[in-house]
Amino acid sequence: MEELLSNGVSHETLPESYILPLDKRPGLIINKTIPVIDLADHNHANTSIQILQAGKEFGFFQVVNHGIKEEVIREMKNIAKEFFQLPIEDKIVYCSEDLYKFPRLHTSTTRENKLEKKVWRDCLKFVCHPVDLQSNDQFPQKPSGFREIGPIYAKVTRELALKILKLISEGLKLDENFFNGELSDGTSITNINFYPPCPDPSLALGLVSHCDPNLITILLQDDHVSGLQVLHNGDWIAVDPIPNAFVVNVGHILEFVTNGILKSVEHRAVTSSTLSRISLATFINPVSDCVIAPAQQLIDENNAQNFKAFKLKEFLSTYFGQLGDTASTVNAFKI
Ligand SMILES: O=C(O)CCC(=O)C(=O)O
Ligand SMILES: [Fe+2]
């Protein structure tokens, strides 16, 4: 098994297996920002419009005044940091080659992307929906406090996702419960991404460019360390952290069911030479036997159906078979 980056040893040089080809390395970014949307705005219709515009143009936006308590955010971030600071013996028990074992801690391999290069990231994955409050092994046992804050964080991020999905359905004039049920009720996962200081951030990435394969992603960034970049009209823009804000992005499934109105957009994570960075990405998923198809209400004589109907399983095997290559994944489902 690949050795974790967070093994307690500092890294002096960047191994060859992380050095990306020239055209895939982080380069210039342009001076632009993704929209910031205030969810406390009492003008519901206005909020819906802003979300739709951001989803169409950027596939990404940040939300503030979302109603999630600062203490919950702070505590979850602290636990996430403490997890990666645990001695290696406490972390190794969660390491597994089995992709379906949760919680699962892993580092990257050269088999995850078409570049056959590793990325500068360790990742802890846990199931955040459904939460089984009877069993206590859904969340890691250490650090102490994980099993208290984990279920709370899982609940509030899910509520936030459902609130945003409702605003999207209102903006698109779909039934307000359109996204409830099988489109959002599948097993959902939170990734805690840990990017340690990298010996040469100009040669490597924390995550290579990808789109998320799920419905919608609720991402909590590090308060201070920037790292997320989003592709916009061929240029990369940095998503600078706003303390206590969440970044929201459209996954492939949301692009398909909105018939391409909302865009799933490529993004990546860069690293820092001096600072470690943590992000928590919560992926909302459809149920596994769900049939995904563009909403019928969005199709008429002026709006042709852009994507076929398909089974979620079929899509996921294409996505992972193409190693996250967006163009070939989306093309396979286009009409
Ligand atoms: O670390 C980040 O900000 C990006 C994380 C991400 O894109 C992911 O986990 O899919
Ligand atoms: Fe992502």
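## Packing of helices H2 and H4

In this predicted model, the axes of helix H2 (residues 70–85) and helix H4 (residues 146–171) approach within 10 Å and cross at roughly 130°. Axes here are lines fitted to C-alpha atoms, for helices over the stretch in contact, with angles running from 0 to 180 degrees between N-to-C directions. Helices (H or I, at least four residues) and strands (E, at least two) are DSSP runs numbered from the N terminus. H2 and H4 are therefore oblique to each other; angles under 35 degrees count as roughly parallel, over 145 as roughly antiparallel, 65 to 115 as roughly perpendicular and the rest as oblique.

Val 72, Glu 75, Met 76, Ile 79 and Phe 83 of H2 meet Phe 146, Ile 149, Ile 152, Tyr 153 and Val 156 of H4, contact requiring C-beta atoms, placed from the backbone, within 7 Å. By class, this contact of H2 with H4 has 9 nonpolar, no polar and 1 charged residues. Ala, Val, Leu, Ile, Met, Phe, Trp, Tyr, Cys and Pro count as nonpolar, Asp, Glu, Lys and Arg as charged, and the others, Gly among them, as polar.

## A four-stranded sheet

An open sheet of 4 strands runs in the order S6-S11-S8-S9, with antiparallel pairing; two strands pair if DSSP finds at least two bridges between them. Strand S6 (207–210) and strand S9 (235–238) stand at the edges with a single partner strand each, so one side of each lacks a neighbour in the sheet. The twist averages 20° from one strand to the next.

Strand S8 (residues 228–232) pairs with S11 over 3 bridges in the antiparallel sense. Leu 228 lies opposite Ala 269 in S11, and Gln 229 has Arg 268 as its bridge partner in S11. S8 and S9 are joined by 4 bridges, again antiparallel, with Leu 231 opposite Trp 236 in S9. The hairpin of S8 and S9 has 2 residues between the strands, and Asn 233 there takes a positive phi near 50°.

## Conventions

Residues are numbered from 1 along each chain as its sequence is written, while chains are lettered from A and ligands numbered from 1 in the order in which they are written. As this is a predicted model, local features need pLDDT of at least 70 and side-chain atom pairs count only at pLDDT 80 or more, whereas totals for chains, interfaces and linings use all residues.

Conventions. Two residues are in contact if their C-beta atoms, placed from the backbone, lie within 7 Å.
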